[in-house]
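This report walks through one protein model, part by part.

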Amino acid sequence: MRGVARPLLAGVVTALVGFGGAFTVVLTGLRAAGASEGQAASGLLAVCLGSGIVAVVLGLRTRQPISIAWSTPGAALLISAGTPAGGFAAAEGAFLLCGALIVVAGLVRPLGRLIAAIPAPLASAMLAGVLLDLCLAPVRALHDVPLVAAPVIVVWALLTRFARPWAVPGALVVAVAGIALTGAGLSGVAVAPRLEWTAPTFDAATLVSIGLPLFLVTMASQNVPGMAVLAQFGFRPKLRGILVSTGLATLAGAPFGGHAVNLAAISAALAAGPDAGDPDRRWIASITAGIGLAVLGLGAGLATALLLLSPPVLVEAVAGLALLGALAAAVSSAVAEPSGREAAVVTFVVTAAGVGFAGIGSAFWGLLAGGAILLLHRRRRPTPHDDPAEVSVEGGAGPGGRRSPRGRHGRTSRNWPAARPRRHG
């Protein structure tokens, strides 16, 4: 029993941190996409149940700590995209497209390779543009509701210094306390867990502006980093089975409001790392986390009701604090390669502008604009006036006259997922 206690505890912590750190982002994203209170609660419950079931199945089947979660960056994308013309039903159609593409990426190797071929700077820049506005919310909240927002930010800052995994959950507890002291109470509010079916509809513009970017963000910001985290601790499960199972869970949850189920990235380290005990028993941690997430999902109605009682800017502030780390990582990755910096900045600016064209959201146009700039400058030869460091990046001679180890078009291995082992495709 001693050998089981550590993975069990790690699994409980993983579930609490994973749920408490990002459920506000999910609820805010679903509401922004046009969901009613009941539909938003149903969507949160759907992704919790889907994540829990997949985590248990994969853990028992592979005996590896494969943590499953919802797509937090995908939920942030919904916030930036806003309500589609067809309402939440059209958004659910986009969720179905995302799930179908995830399944296809698992079954069709060329598609998986095509997604992996998207330059990392562009994918990161698109994500940073999606996250920027939401990460500004804590500042807006401090201006609009200082008495409630200030304690939340202070607690988050202190816990980030002394107990980082609990920073966002701690800030959330303070926010809930502030809501309880200033809110109108929960009388008359439905808090019982309930899945609410909404028949999806398919709108071409919504599929392109939400469905396709949701798929790309989920793959680039959740599934690929999730595999990297597992590989870091010596676990290399087959990606195909993970993609197919999470894609099917997304398809099943979409009519109930669930936006995307995928590999956990940040919280995955809690279940796969040394704190979970013996490596041969760490799969117990991921299963425990899956069960815990499903149980916590039963409180989706209560969580939705509490957030509805608070000022909207405070909800966004907590979500923004939860995503600051993701924004920092995305910005860092976007500008890491000098050769792709201009294209990444174009992608970031167009996405962050939040302006759609032809009914299609800014995330799609940002990726398209950045790709165009990247192709435009791809074959540009360095001139004598170029910075020596940039000459090296373009594939010319580096310091000491040595050619840098880059390919024909100046692309480095950092443009590709670090932990995408071929034999696990």
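## Elements and numbering

Helices (H or I, at least four residues) and strands (E, at least two) are DSSP runs, numbered from the N terminus. The protein has 18 helices and two strands.

This is a predicted model: local features need pLDDT of at least 70, side-chain atom pairs count only at pLDDT 80 or more, and totals for chains, interfaces and linings use all residues. Residues are numbered from 1 along each chain as its sequence is written, and side-chain values use heavy atoms, with hydrogens and water left out.

## The protein as a whole

The protein has 425 residues, and 52% of them are buried. Buried means under 20% relative accessible area, exposed means over 50%, and partly exposed lies in between (1.4 Å probe, protein chains only). The accessible surface comes to about 18600 Å². Carbon and sulfur atoms hold 66% of that surface. Accessible areas come from the Shrake-Rupley method with a 1.4 Å probe; for residues, only the protein chains shown count as cover.

Contact means heavy atoms within 4.5 Å. Take the contacts between residues at least 6 apart in sequence: 82% of them join residues at least 24 apart.

## A buried glutamine

Glutamine 222 sits in helix 10 (residues 204–232). Its relative accessibility is 7%, so glutamine 222 counts as buried. Which residues does glutamine 222 contact, leaving aside its neighbours within four places in sequence? They are Trp70, Ser71, Thr72, Pro73, Val217, Asn262, Leu263, Ala264 and Ala265.

## Two surface patches

Patches are made of residues with over 30% relative accessible area and no salt bridge; like charges are joined within 9 Å, nonpolar side chains (Val, Leu, Ile, Met, Phe, Trp, Tyr) within 5 Å. Lys and Arg count as positive and Asp and Glu as negative, while His and the chain ends are not counted. The place of a charge is taken as NZ of Lys, CZ of Arg, CG of Asp or CD of Glu. A positive patch on the surface gathers Arg61, Arg109, Arg113, Lys238 and Arg240. Arginine 113 belongs to helix 5 (residues 109–116). With a relative accessible area of 47%, arginine 113 is partly exposed.

A nonpolar patch on the surface is formed by Val331, Val335, Val345 and Val349. Together they have about 280 Å² of accessible area. Valine 345 is placed in helix 16 (residues 341–353). Its relative accessibility is 40%, so valine 345 counts as partly exposed.

## Salt bridges

Side chains of opposite charge can pair when their charged atoms come close. A salt bridge is a side-chain nitrogen of Lys or Arg within 4 Å of a carboxyl oxygen of Asp or Glu. How many salt bridges does a search of the whole structure find? It finds two.

One joins aspartate 133 and arginine 140 (3.6 Å, N to O). Aspartate 133 is partly exposed at 46%, and arginine 140 is partly exposed at 30%. In the other, the closest N and O atoms of arginine 194 and glutamate 196 are 3.4 Å apart. Arginine 194 is exposed, at 54%.

## Two single residues

Valine 173 is in helix 9 (residues 167–182). At 58% relative accessibility, it counts as exposed.

Arginine 63 lies in the loop between helix 2 (37–62) and strand 1 (68–70). Its phi is near 55°, a positive value in a residue other than glycine. Arginine 63 is partly exposed, at 43% relative accessibility.
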